[in-house]
Amino acid sequence: MIRRLKYHEIDFVKYAQCLENSEQRKYSAAKHFLDTTSTMPWEILVYKDYEAVMPVPFVRKYGMKIVHNPKLCQQLGVFSAKDNVDLNEAFLEYLEKNYMIRAYSFNDVNQLRTKIRIKKNFLLYPEAYEKVYLRYSPKRKRKLRLDEVVLKESEIKTISYEKAKAFIESNTIGINKDHDLFEFMRIFENFYKLSYLKFTAFYYKHKIVNVIATYSDGNMVALLGNFNDKDYVKLSGASVLIDHVIKENIETHIFDFEGGDLPNIEEFFRGFRPELRPYGIIENSKKNLFKKLGYLMLRGKPFL
C-alpha cells in the first residue's frame, strides 16, 4: 500500500535507513540535500513500513502544489532494497493521479514500462586513477598537457565560498541573474557551511580563471558547477580542475558529472570516457498542467 506523508509526518530515521539500504542510493534524496535545495517542505510517498520511498518536492504556484525537482537536484524517484518495475509503476501511477507535475526525475536504476523522456548523465566508477586516465580521449589528454609557460604561471587551489561567489557572479551567463543565480548561490552557501561543497580554482598569473563546485557525500563526488572566464577558455582550466578532482577521489569514490544533455557539454564530459547512465523524467507544459487542473477539479481533488 502506498501512502502520502507530509514533511512533519515523515519518520526520518526509517527514511534514511531505506535510502542507505536501497539499490538506487542517491545523495540527492537525502534529507539534508532536499532541505537545502527545496524552497518548501517536501513530501514522500511510502510503501508499507518504509520498504520503499519516493521523495516528492514541489513549489507553490496559483495556490497549488506543483511537483518540480529543485535546482541542482538531478535525480529522485523510487528507493527500495531491490529495484522492482511493478512497484515503480505503482509509485508513478500514484504520483500522476494525485499531483500536478511540472518536472520530476526518476533515477538511473529505476526501471519503468511506461515510456517517458530519457535524459543523459555520466559517471566514473572507483578505479585506480592511472586506468581512468588511460581511457581519456586523445583530445582530453592534449588539453591536460599544459605548455611550459602556462604551467609555470598557473596553480590549483581550494578557495572559500566568498572568493568563489565573486568569481561566479562575474562570469555566469545563460541564467536569470536576478533569481536563478541568487538561488544557486543560496544553495552553494548552505552546502559549503555544512562542509558538503568544495570550490576548486585554477589560477593563471595569480588570477582565478576557472572554478568548479564539487559536492561530496559518502562514496561519491558530484560536479555541481563549472564556471569559466571566457577570456581564458583556451587554457583548458576546466579540464585540468576536473581531472585534478578525479585524481584525488576516483580510487574510492564515484565521480558524477551531473548532466550531459547539451551537445557541447556531452562532448566535453565524454572526453573523460565516463559511463552513460540515463534516467527518466516526467515533464508537463503549462498547457497540460491547466488541463490536469480541470480534470482534478472535476474529481474534487485537493491541491493544498
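This is a predicted model: local features need pLDDT of at least 70, side-chain atom pairs count only at pLDDT 80 or more; totals for chains, interfaces and linings use all residues.
**Salt bridges**

- The side chains of K26 and D108 meet in a salt bridge with an N to O distance of 3.0 Å, and this pair links distant parts of the chain, since K26 lies in the loop between α1 and α2 while D108 lies in the loop between β7 (100–105) and β8 (117–119), 82 residues apart.
- K26 counts as buried at 13% relative accessibility, and D108 counts as buried at 12%.
- K26 and D108 also belong, with E275 and R277, to a network of salt bridges.
- Within helix α2, K31 and D35 form a salt bridge whose closest N and O atoms are 2.7 Å apart; being 4 residues apart in that helix, K31 and D35 are separated by about one helical turn.
- K31 is partly exposed, with a relative accessible area of 33%, and D35 is partly exposed, with a value of 30%.
- E127 and R135 form a salt bridge, with the closest N and O atoms 2.7 Å apart; E127 is partly exposed at 26% relative accessibility, and R135 is partly exposed at 38%.

**Aromatic rings**

- Y27 and Y215 form a tilted aromatic pair, 5.2 Å from centre to centre and with 35° between the planes.
- Because Y27 lies in the loop between α1 (12–20) and α2 (31–37) and Y215 lies in strand β12 (residues 207–217), the pair ties together parts that are 188 residues apart in sequence.
- Y27 counts as buried at 5% relative accessibility, and Y215 is buried, with a relative accessible area of 0%.
- The rings of F268 and F269 have their centres 5.9 Å apart and their planes at 45°, so this pair is tilted.
- F268 and F269 belong to one aromatic cluster that also contains Y129, Y133, Y136, F255, F257 and F272.
- R140 lies over the face of F272, at 4.9 Å from the ring centre, and K157 lies over the face of Y203, at 4.8 Å from the ring centre.

**Helix α10**

- In helix α10 (residues 263–270), E266, F268 and F269 are buried, and the buried residues fall within an arc of 160° as seen down the helix axis, so they line one face of the helix.
- F268 has a relative accessible area of 17%, and F269 has a relative accessibility of 6%.
- The buried residues of α10 pack against β9 (122–124), α5 (138–144), β13 (220–228) and α9 (237–249).
- P263, N264 and E267 are exposed on the other side of α10.

Key:
Residues are numbered from 1 along each chain as its sequence is written. Side-chain values use heavy atoms; hydrogens and water are left out. Buried means under 20% relative accessible area, exposed over 50%, partly exposed in between (1.4 Å probe, protein chains only). Helices (H or I, at least four residues) and strands (E, at least two) are DSSP runs, numbered from the N terminus. The arc is that of the directions from the helix axis to the C-beta atoms. Contact means heavy atoms within 4.5 Å. Rings of Phe, Tyr and Trp (its six-membered ring) pair if their centres lie within 6.5 Å; planes under 30 degrees apart count as stacked, over 60 as edge-to-face and the rest as tilted. A charge sits over a ring if NZ of Lys or CZ of Arg is within 6 Å of the ring centre and within 35 degrees of the ring normal. A salt bridge is a side-chain nitrogen of Lys or Arg within 4 Å of a carboxyl oxygen of Asp or Glu.
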